[in-house]
Every structure is written in C-alpha cells, then in structure tokens.
Amino acid sequence: MRLMSFPDRLTLVGLAAVFTCAMGWSAAHADSYTLVPEDQIKLRIVEWRSTDSKYASWEALDGTYSVDDAGNLSIPIAGQIKASGQTTEQLSEIISDALAVKADLPGRPFIAVEIDQHAPIFINGSIERPGRYPFEANMTVIKAVSIAGGYMRARDDNSYYDRNRVQAAGDYRTALLNRRDLLMRAARLRAEIAGQSDFDIPAELAGTPDIDKLKAEELNLMRLRAVESNSQIAAADDLNRLYTQEIQSLEAKIISQKRQIDLAQQELNNVNSLVSKGLTSNTRQYSVDRGLAEAQSELLDLEIALTKSRQGLNESEREKATIINKRNAENQQELNTINLAINKAGIDMQVAQLLGDQAGYSAELARMGAESTLLGTTKKHFKIIRRIEDGSYSNIVADENTALLPHDIVEISVEAATSSAASQAQQPAALIPDVARSEAPRPNWVSQTGSN
C-alpha cells in the first residue's frame with residue numbers, strides 16, 4: 001500500500017495540534033473583548049485543498065467588515081453573521097461553519113479575524129478637543145483625556161489643569177508600561193530560542209506590580225507555541241518511524257527475493273542440462289526461464305521501492321530540521337524587532353520627561369505626589385453615560401482610572417476648588433496611577449506612589 005506523502009501527513013497532524021491549541025487559548029481567554037456595533041474587523045480566509053496539497057486564499061472575501069447597528073456582519077456567501085457579543089475567536093468559528101455549509105465545502109476553511117478599529121467613544125466637557133474618538137483596549141478616563149488633548153488649557157492663573165503636564169505624564173506612563181511588556185516578551189523569546197521551558201523575570205522588572213501575572217501570560221503563550229512546534233516535530237518523527245519500518249520490510253523482502261532467484265537459477269541450470277541430453281522438452285525450459293525473469297523483475301521493483309523509501313526518510317529528517325530552524329529564525333527576527341521597540345520606548349520616555357520638566361512644576365512636591373499651585377485650585381468631575389442591554393442609559397460617577405467601554409459618553413467638568421479642598425491639596429496625592437518600576441530614569445514630576 002502506498003504511504004501518504006510527507007507534506008499531507010505533516011500538515012494534517014500539525015493543523016490538528018494548532019486547532020487544539022487555539023481551543024485551549026480561547027477557553028483561557030473567555031473574558032476577552034466582545035464585539036459591539038460599529039466595530040470594524042479584518043477578515044482573512046484560507047482553505048486547505050488536499051487535491052493540490054496547498055492552501056488557497058479566498059481573496060474575494062478578504063477585507064474589512066463593519067458590525068452594523070443590529071450587531072451583524074454581512075459577508076458574501078456566508079450571509080448575515082451575528083457578531084455582537086462574540087469574541088474574535090468565536091466569530092471565526094461561526095464564519096467558518098457558515099462558509100462550509102453555504103459553499104458546500106468538504107471541510108471547514110480557516111478564518112483569521114482581528115479587530116481593525118473599535119467602535120467610538122465620545123468625550124465632552126472641559127477638554128481641549130471634545131469629540132468622537134476610536135475606543136482602545138484598556139482605555140481609562142485619563143487615557144481618553146490625553147487622546148482628546150488634555151484638560152482645557154488654563155485661561156487664568158487658577159482655572160484648569162495644565163494639559164501639557166497631563167499629556168506628558170500619560171505619554172511617560174504609556175511608554176514605561178510598553179517597555180515593561182516588551183522586556184518580558186524579549187525574555188520569553190530568548191528562552192524559546194535556547195530551548196528552555198521557563199524563563200526568569202528580568203531583573204529591572206523585579207517587584208513591579210502585577211509582574212507575576214504578566215509573566216504567567218507570556219509563559220502560557222510560550223507553552224502553547226511549544227505544543228504547536230512539538231506536535232509538528234512529533235509528526236515528523238512518526239513519519240520517520242513509518243519510513244524506517246517500510247525500509248526494514250523491503251530489505252527483508254529483497255533478501256527473500258534473491259533466494260528465490262538463486263533457486264530459480266539452479267532449477268534453470270538443471271533443466272538446461274536435461275534439455276541438452278534430450279531428457280525434457282523446451283517448453284519446460286521456457287517456463288522456468290520466464291519464472292526467473294519475473295523474479296528478477298520483482299527484485300528490481302523492490303529495490304526501486306527501497307530507494308524511494310530511503311529518499312522519503314531523508315526528506316522527513318530534513319523537514320524536521322526545517323521546523324526547528326524556522327521557529328528559531330522567526331523568534332530571533334521577532335526578538336530583534338522587540339529590541340528596537342524597547343529602544344524606541346526609552347526614547348519616548350526621555351521625550352516625555354523633557355516635556356514634563358519644561359512644564360515648570362515643583363520637583364519636590366511632584367515627588368511627594370502633589371502640585372499645590374494646580375491641585376489646590378481645581379476640582380474635576382467625571383461622569384460616564386453608558387448604554388445598557390435593554391437600550392436605556394445609566395449615569396456612572398467615575399474617576400481618572402475608571403475603565404471605559406465602546407460607545408461610552410464621557411463628560412468632564414472642572415471647577416474651582418473650595419478653600420477646604422485647597423488646604424487638603426497640600427497633602428501628598430498621586431499625580432498618576434503607579435507605573436511599572438524600571439531601571440530607566442523616571443522624571444521627578446511623575447508620582448512614585450499609588451497602585452496600578
């Protein structure tokens with residue numbers, strides 16, 4: 001029986017492992033972002049065609065799609081797909097099932113779904129640029145304020161929070177958190193390249209709030225990637241064993257066939273001797289000679305099959321090496337990109353520090369977490385108007401650290417503080433939420449206190 005080709009075997013086993021990993025990853029992130037109306041997704045569809053032993057892209061359906069007000073996506077062939085309330089992983093499964101049924105496919109196509117742009121939020125009130133802005137992951141009120149240009153610039157000596165300080169502090173915190181994430185990712189990639197199953201938290205991140213949680217996320221990703229890679233290697237090993245067994249079987253058959261040829265040759269010699277003496281007919285001589293020729297032909301077929309099996313074994317071993325080398329090359333390329341991003345984050349921190357220093361705040365009071373000339377003269381109020389499932393709206397009293405959702409309306413007001421509030425402003429208070437500690441220099445106008 002002819003063995004399945006190496007690419008088909010390796011692809012089928014590898015794809016099964018990848019989807020097993022994807023299912024585990026989806027379950028582990030069941031609380032991830034769910035789509036809402038006005039979200040835009042980017043869709044890519046790939047189908048495995050076993051007849052051609054290659055992937056085929058559905059370029060006609062690839063592109064960007066928007067979730068309509070009813071929460072649906074309109075996709076050619078698949079039709080109307082309910083997207084609202086689904087994660088991207090769940091949506092990819094739904095689209096794959098719909099295409100398989102509507103297009104009458106022999107198998108389910110592979111769907112890649114990613115969010116191209118979130119639905120908007122709306123920011124009103126005492127800020128420089130009120131209006132509509134795209135939602136971003138992990139967005140809070142203070143991030144929305146920064147995106148909208150900061151609090152309204154002071155119109156007199158004691159009116160409003162200085163926009164430059166808020167924007168510089170927000171930029172610094174963003175760059176610092178980004179650098180923290182990049183350093184952890186780089187540590188994970190170095191461990192993968194070294195073939196390790198675990199990695200240590202970088203020394204400069206030791207003691208950072210929530211650093212163990214960040215490491216756990218990277219470690220989980222590292223293990224999922226290892227499962228995918230190891231399954232491909234295991235598939236190659238299985239194929240190697242099949243080829244080895246086939247080679248051993250063919251070698252044994254060749255030995256047996258050679259013995260049959262020797263016996264047939266002896267019989268032919270005996271018949272030839274009898275024919276020369278006139279003791280047997282030429283018919284028997286022809287029969288024995290034909291049997292010998294057939295045995296020799298079968299031996300040649302076995303030797304050709306043995307050569308092909310040995311070639312298949314060599315190809316399988318090369319593919320196994322290619323899997324390992326390709327993964328290491330991809331990791332190294334990603335690591336190089338991350339190192340550049342780490343350097344850029346450091347530059348962003350320095351720029352934010354310079355902008356903050358130029359704002360002219362008291363360094364000593366900033367280290368304490370207070371700026372009396374500003375905090376003592378203003379008081380800010382935040383309100384979020386959020387639509388709930390029944391279509392009504394609720395008003396939420398918020399602060400700078402309150403998390404936002406798509407379609408939220410953020411209203412910000414700033415008023416002069418009372419004399420009591422002004423006296424309390426002399427006490428230490430956090431300028432911004434605590435940032436991840438790093439060996440990189442921290443500007444003296446960013447608070448060292450608070451919690452993330």
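**Figure 1. K215 counts as buried, at 18% relative accessibility.** This model is predicted. The cut-off for buried is under 20% relative accessible area, so K215 falls inside it. K215 forms a salt bridge with D198, and the closest N and O atoms are 3.6 Å apart. The pair links distant parts of the chain, 17 residues apart: K215 sits in helix α5 (residues 211-276), D198 in the loop between α4 and α5. D198 is partly exposed, with a relative accessible area of 37%. K215 also lies over the face of F199, at 5.5 Å from the ring centre.

Figure 2. An α-helix has 3.6 residues a turn, so residues three or four places apart point the same way. Are these two partners buried or exposed? R188 is buried, at 2% relative accessibility. E192 is buried too, with a relative accessible area of 12%.

**Figure 3. K42 and D116 form a salt bridge between two strands.** The N to O distance is 3.6 Å. K42 belongs to strand β1 and D116 to strand β6. They are 74 residues apart, so the pair links distant parts of the chain. K42 is partly exposed, at 36% relative accessibility. D116 is partly exposed as well, with a relative accessible area of 37%. The model holds 17 salt bridges by the rule used here.

**Figure 4. Y33 and F135 form a stacked aromatic pair.** A pair of aromatic rings is described by the distance of the centres and the angle of the planes. Here the values are 6.2 Å centre to centre and 20° between the planes. Y33 lies in the loop between α1 (6-28) and β1 (40-49). F135 lies in the loop between β8 (131-134) and α3 (141-147). The pair therefore ties together parts that are 102 residues apart in sequence. Y33 is partly exposed, at 26% relative accessibility. F135 is buried, with a relative accessible area of 6%.

**Figure 5. Y151 and F382 form a tilted aromatic pair.** The ring centres are 6.4 Å apart and the planes stand at 55°, so the pair counts as tilted. Y151 is in the loop between α3 and α4 (163-193), and F382 is in strand β9 (residues 378-387). The two are 231 residues apart. Y151 is buried, at 0% relative accessibility. F382 is buried, with a relative accessible area of 9%. K380 lies over the face of Y151, at 5.7 Å from the ring centre. The aromatic pairs come to two by the rule used here.

Figure 6. Buried residues of α2 include T88, L91, S92 and I95. S96, A98, L99 and A100 are also buried. D104 follows the helix, with a positive phi near 55°.

Notes. Residues are numbered from 1 along each chain as its sequence is written. This is a predicted model: local features need pLDDT of at least 70, side-chain atom pairs count only at pLDDT 80 or more; totals for chains, interfaces and linings use all residues. Side-chain values use heavy atoms; hydrogens and water are left out. Rings of Phe, Tyr and Trp (its six-membered ring) pair if their centres lie within 6.5 Å; planes under 30 degrees apart count as stacked, over 60 as edge-to-face and the rest as tilted. Helices (H or I, at least four residues) and strands (E, at least two) are DSSP runs, numbered from the N terminus. Buried means under 20% relative accessible area, exposed over 50%, partly exposed in between (1.4 Å probe, protein chains only). A charge sits over a ring if NZ of Lys or CZ of Arg is within 6 Å of the ring centre and within 35 degrees of the ring normal. A salt bridge is a side-chain nitrogen of Lys or Arg within 4 Å of a carboxyl oxygen of Asp or Glu.
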